[in-house]
Amino acid sequence: MATRLELDENSEPVPARLDPTTASDLAALDLVEVRPGIDGSWLLVPRPNRVGAVRIGELDLVVRPKASFASILFMLGYARDPGFRPDMFDGSVDRDLWPMVATTLTRLAERALLRGVIQGYVTRDDALFLLRGRIRTADQMNRHHGLPLPLEVTFDEYDVDIPENRLLRTALVRMSHVARLPTALRRRLLHLVGRLEGVQVLERGTPLPDWRPTRLNAAYHPALRLADVVLHRLGLGTTEGGQPTASFIVDMAATFEDFVTAAVRESLVRHAAGVTTGQFRDHLDVGRRVPIRPDIVHSTGNQPVLVLDAKYKLGSGVDGYPKSDVYQMLAYCTALRLGRGYLVYAGSRAADARPTRLPIRNTDIEVITWPLDVEEAPVALLGQIDQLASVAAESIATC
């Protein structure tokens with residue numbers, strides 16, 4: 001029978017009874033730190049800002065984020081592609097990570113294949129006894145030493161084995177390998193794998209093929225965006241003892257920063273003219289020896305007019321945030337000649353966190369701390385970002 005352990009993000013250590021091999025395998029996955037306890041037990045200490053789930057043999061370990069897992073998946077997908085829409089998770093009622101991801105992927109794949117498997121032209125190399133396409137002269141000479149047949153040729157074939165189907169089938173196959181999924185759910189996954197017969201399953205470590213959204217593959221877009229997240233995050237393997245392992249681990253600090261950058265960029269398109277740059281490169285000093293890299297800078301005419309920095313810190317008010325963040329934003333505003341800068345936090349308005357203005361003494365600069373309630377559903381989270389972008393855009397003229 002499986003042993004289930006649940007921890008909260010950034011929580012206190014939790015004792016657990018594990019055999020030494022499982023403890024070692026768990027430590028190697030780096031979701032939690034595993035320390036020796038007393039009486040043969042182990043202390044599980046969540047890694048800072050890391051959340052997710054791990055399965056090792058009969059062990060289930062979950063580190064729950066402040067936000068829901070559905071919101072975390074949305075942030076991951078949106079940061080990679082703003083076409084990742086909140087309604088992709090409509091109907092995702094599972095609080096448990098594994099069935100939630102598998103159910104959502106299955107639902108979107110079923111919707112994608114509702115009108116059949118799409119096809120496209122695939123370039124193939126082969127040795128044939130009839131001419132098709134064009135002859136690869138160098139291969140013909142090297143492999144057949146002047147013999148006329150077979151012919152080494154390259155040709156285009158209209159087939160199902162295209163990048164979109166490879167990505168989708170590979171994600172479905174890998175998801176079906178996660179241990180202890182509900183039987184009915186695994187059957188749905190495998191049925192979809194069968195629907196994509198003739199499509200190559202990508203080996204682990206193989207670079208993922210590129211695909212571009214088009215009118216022809218429009219029905220696939222939601223499924224492919226989630227498949228991309230699954231293929232980048234889902235880890236599968238076996239221990240030295242042969243136990244199956246599965247992991248889905250998220251660095252919340254990087255995820256929050258990437259999500260806020262992408263969402264603010266998309267919102268500012270509607271609210272302000274100019275260009276939004278993530279990880280803006282500049283220097284604090286005249287000699288250009290002290291680099292600065294704000295998360296988000298909006299510029300008009302090559303002149304910065306707005307600066308924001310995202311911080312995954314769960315404070316509830318200005319006193320709950322590190323003062324060093326304010327010093328950092330003051331440096332950004334000074335170097336960029338701006339009168340206002342925004343520190344965007346993963347706060348919770350339910351915990352009485354609200355935007356706060358901090359006028360800096362003996363300067364014309366003010367720093368604004370702006371909490372985002374990450375516990376809200378994806379559509380509401382985007383609404384909060386849009387409100388932030390709207391207010392920030394209105395302030396550009398006064399900076």
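## Contacts and the chain as a whole

Contact here means heavy atoms within 4.5 Å. The structure is a predicted model. Its chain has 399 residues, and 48% of them count as buried. The chain holds 10 helices and 19 strands.

Take the contacts between residues at least 6 apart in sequence: 66% of them join residues at least 24 apart.

## Threonine 22 in helix H1

Start with helix H1, which covers residues 20–29 and includes threonine 22. Threonine 22 has a relative accessibility of 7%, so it counts as buried. The cut-off for buried is under 20%.

Which residues does threonine 22 touch, leaving out those up to four places away in sequence? They are Ile56, Leu59 and Gln243.

## Helix H2 against helix H3

Helix H2 spans residues 69–80, and helix H3 spans residues 97–112. Their axes come within 10 Å and cross at roughly 55°. That angle makes H2 oblique to H3. The crossing of the two is right-handed.

H2 brings Phe69, Ala70 and Leu73 to the contact. H3 brings Leu97, Met100 and Val101. By class, the contact of H2 with H3 has six nonpolar residues, no polar ones and no charged ones.

## Helix H3 against helix H7

H3 also meets helix H7, residues 221–233. The axes of H3 and H7 come within 8 Å and cross at roughly 145°. This crossing is left-handed.

On the H3 side are Val101, Thr104, Leu105, Leu108, Ala109 and Ala112. On the H7 side are Pro222, Ala223, Leu226, Ala227 and Val230. The contact of H3 with H7 has 10 nonpolar residues, one polar and no charged. Val101 of H3 takes part here, and Val101 is also in the contact with H2.

## Aromatic pairs around phenylalanine 74

The count of aromatic pairs comes to six. In one of them, the rings of phenylalanine 74 and tyrosine 78 have centres 5.5 Å apart. Their planes stand at 50°, so this pair is tilted. Both residues lie in helix H2, four residues apart, which is about one turn of the helix.

Phenylalanine 74 and phenylalanine 259 are both buried. Ring pairs join Phe74, Tyr78, Phe84 and Phe259 into a cluster.

## Helix H8 against helix H10

Phe259 has a part in a helix contact too. H8 meets helix H10, residues 378–395. How close do the axes of H8 and H10 come, and at what angle do they cross? They come within 9 Å and cross at roughly 55°. That makes H8 oblique to H10. The crossing is right-handed.

From H8, the contact uses Phe259, Val260, Ala263, Val264, Ser267, Leu268, Arg270 and His271. From H10, it uses Leu381, Leu382, Ile385, Asp386, Leu388, Ala389, Ser390 and Ala393. By class, the contact of H8 with H10 divides into 11 nonpolar, three polar and two charged residues.

## Glutamate 164 in helix H5

Glutamate 164 sits in helix H5, residues 163–176. Is glutamate 164 buried or exposed? Its relative accessible area is 12%, so glutamate 164 is buried.

Apart from neighbours within four places in sequence, glutamate 164 is in contact with Ile118, Trp211, Asn217, Tyr220 and Leu224. Its C-alpha atom is 10.0 Å from that of valine 117, a residue 47 places away along the chain.

## Asparagine 302 in a loop

Asparagine 302 lies in the loop between strand S15 (296–300) and strand S16 (303–311). Its relative accessibility is 79%, so asparagine 302 counts as exposed. The cut-off for exposed is over 50%.

Asparagine 302 and valine 275 are 27 residues apart in sequence. In space, their C-alpha atoms are 8.4 Å apart.

Technical notes
Residues numbered from 1 in each chain as written. Predicted model: local features only at pLDDT ≥ 70, side-chain atom pairs only at ≥ 80, totals over all residues. Heavy atoms only, no water. Axes fitted to C-alpha atoms, helices over the stretch in contact; angles between N-to-C directions. Parallel < 35°, antiparallel > 145°, perpendicular 65-115°, else oblique. Left-handed = near helix turned anticlockwise from the far one by under 90°. Nonpolar A, V, L, I, M, F, W, Y, C, P; charged D, E, K, R; others polar. Buried < 20%, exposed > 50% of the residue type's maximum accessible area, 1.4 Å probe, protein only. Phe/Tyr/Trp six-rings, centres within 6.5 Å; stacked < 30°, edge-to-face > 60°.
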